[in-house]
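User: I'd like to go through this model with you piece by piece. Could you keep the answers plain?

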Amino acid sequence: MCGIVGYVGAKPPLPILVEGLRKLEYRGYDSAGVALVRNGRLEVRRSAGKLSHLEDVLAAHPIQGEYGIGHTRWATHGRPTEENAHPHRDCSGKIVVVHNGIIENYLQLKRSLVAQGHTFITETDTEVVAHLVERESRDDGFVAAVRRALSQLRGLFALVLISADAPDTIVAVRNGPPVIVGLGEDEYFVASDVTAILSHTRQVVLLDDLQMVVVTKAGPVFSTFDGVPVAREAQTINWDPAMAEKAGYAHFMLKEIHEQPWAVRETVLGRASVESNRVFLDEMHIDADALRAIDRVVVLACGTSWHAALVGKFLIEDLARLPVEVDYGSEYRYRDPFVDSRTLAIVITQSGETADTLAALREARQKGARSIAICNVVGSMVTREAEGTVYTHAGPEIGVASTKAFTAQLVALQMLAVHLAQVRGLLVDERARQLLEGLDQLPVQIEETLKSNSAIEALADRLSHKRDFLYLGRGINYPIALEGALKLKEISYIHAEGYPAGEMKHGPIALIDEDLPIVALAPDDHVFEKMVGNIQEAKARGGQVTVVTNVSHARAFDEILDPVIDVVLTVPDADPLLMPILLTVPLQLLAYHIAVRRGCDVDQPRNLAKSVTVE
């Protein structure tokens, strides 16, 4: 959640820190700050609100330094005020810390420190760390004091610390939230996300849990919390720095919606062979015999990825004929789930660092499950802990509301379902060819769907003042109704519900009147006629209906809908198992344009963070 960046090198650090924090704004935050050391003197500048407020503070009260750290805070303990903004200092004013995560025993530690004479000035759990390092300081130096402090902390946290008494030194530790070390030309970086440093280097090392790094001008030195040295190899990030820029679009979200043809093409490239009717998932690392031994699947995810997991249930059950259970990552480990060695756990996470999903993966593996991750970030924690990975190649996703990462996840699940079906001998070549040809055509079909943007803008003008929405779908497209409702909620702050259309008569139908917009997903599939009946039920009660359907079935609504108040949006014809991907795009655009018309902060919606790395 919180954004962290640090720099040691020959260049002035402040512009690098501010630039890095700017790249981390998408994670969601409520305050920001920086700390620099120059000639043995530590200076801190902080502000509540947007990064522009911090820049105003820096303009009014300039600072310079030889090395430093910066932070954007997403509040957990303490209100979003300047006082509670990071970095936080000790009593001496020589030690500062920035922090992502939660120190669970901070109250106990704080009472002990206060009893020993330490004075606290904030409401945060983070400030405890600075005072704890101060208390543990001895003649053996700053790094040793940090190690002693770590042994007393409980919780999941990433910490980055500097001291005026330790020249050109940054100490970073990981126990849960990510910490990344960037390796440049005689300069080194620390960050919570690669996007913060991508314009400076693509060579990075990702810390594992219970590891720390001491970064100086001589380079990084890696060890465990206990001081045992560890060898870490750098990896190359293939994302182009330009991919993290808006490229002329008004918002990152709009840019990423329009990048979906590319993201789908990149995710399929080299994996789905129409010539051989096969799928090749070389990074999965679970052989065919092991997959044939699987008798059930559990898919674990949170948020938008959970909606992808629900679609994956339909795909895997339909093609591979395996029973599939979908669980929230945040709930899974709290109910002693039934898992054994014949269970395949599939975890889905864009960042690979989602705390709840990681905890769910660990629970499943501890109980003996085989494991596969679907992830967008190479080398992230989930890809290191799962047995195998199906990478999505969506590039960096900056907008908090996920778009291209979601469609790439659906594509990855499609390929995984085909692979499982083929390993189990349940997919004939003709059906495999249909699906793989469909995947090959998807980028062009998404481009065609994006041409509806003007019609969706006009629809958004009519609907942006509404207070409630109802999204309906059936079968494999019911999760897309959930996703459409979530997108609208996330970025426009309009209350919206997604429902299986067949359940409408069991409660939600009571909400329908002339003022309730209904978005109905009605593609050509085996429940099309059922869906038409549900739309007629909604119309009979005065609902305003927007139907999203494929081109060949658009005419079916000519006699059902009122052309004055109702709208039909079309997507190209496609295989029913691929249709969820196409139906998603108009819902993304509708949410985006409604949010823009309501004056909402589309890329950084209130109270949300891009990557939820704490519980």
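User: Where does Arg335 lie?

Analyst: Arg335 lies in the loop between helix H10 (329–332) and strand E19 (343–349), where helices (H or I, at least four residues) and strands (E, at least two) are DSSP runs, numbered from the N terminus. This is a predicted model, in which local features need pLDDT of at least 70 and side-chain atom pairs count only at pLDDT 80 or more, while totals for chains, interfaces and linings use all residues. Residues are numbered from 1 along each chain as its sequence is written, and side-chain values use heavy atoms, with hydrogens and water left out.

User: And what is Arg335 in contact with, leaving aside its neighbours within four places in sequence?

Analyst: Leaving those neighbours aside, Arg335 is in contact with Glu325 and Asp327, contact meaning heavy atoms within 4.5 Å. Arg335 is partly exposed, at a relative accessible area of 39%; buried means under 20% relative accessible area, exposed over 50%, and partly exposed in between (1.4 Å probe, protein chains only).

User: Is Ser464 buried or exposed?

Analyst: Ser464 is buried, its relative accessible area being 12%, and its place is in the loop between helix H15 (453–463) and strand E22 (468–473). Apart from neighbours within four places in sequence, Ser464 is in contact with Ile494, Ile594, Arg597 and Arg598.

User: Now H9 and H13: at roughly how many degrees do they cross?

Analyst: The axes of helix H9 (residues 304–320) and helix H13 (residues 404–423) come within 9 Å and cross at roughly 25 degrees. The two are therefore roughly parallel to each other, since angles under 35 degrees count as roughly parallel, over 145 as roughly antiparallel, 65 to 115 as roughly perpendicular and the rest as oblique.

User: Which residues meet there?

Analyst: Among them are Val311, Leu315, Ile316 and Leu319 in H9, which meet residues of H13 including Phe406, Leu410, Leu413 and Val418. By class, the contact of H9 with H13 has 14 nonpolar, six polar and no charged residues.

User: Switching to strands, in what order do the eight strands of the open sheet run?

Analyst: The order is E3-E2-E4-E1-E10-E9-E11-E14, with antiparallel pairing; two strands pair if DSSP finds at least two bridges between them. The edge strands, each pairing on one side only, are strand E3 (41–48) and strand E14 (235–236). Helix H2 (residues 51–60) lies across strand E2 (31–38) and E3, running at about 135 degrees to E3.

User: How many bridges join E1 to E10?

Analyst: Four bridges join strand E1 (residues 3–8) to strand E10 (residues 188–191), and the two run antiparallel. In E10, Val5 has Ala191 as its bridge partner, and Val8 has Tyr188. E1 and strand E4 (residues 67–73) pair in the antiparallel sense over six bridges, where the partner of Tyr7 is Gly68.

User: Which residues of E1 are buried on each side?

Analyst: Gly3, Val5 and Tyr7 are buried on one side, and Ile4, Gly6 and Val8 on the other. In a regular strand the side chains alternate between the two faces of the sheet.

User: Last one: how many of the 10 residues of H4 are buried?

Analyst: Eight of the 10 residues of helix H4 (residues 126–135) are buried, among them Val128, Val129 and Leu132. What covers the buried residues of H4 includes strand E6 (95–103), helix H3 (106–115) and helix H5 (142–150).

Methods:
Axes fitted to C-alpha atoms, helices over the stretch in contact; angles between N-to-C directions. Nonpolar A, V, L, I, M, F, W, Y, C, P; charged D, E, K, R; others polar.
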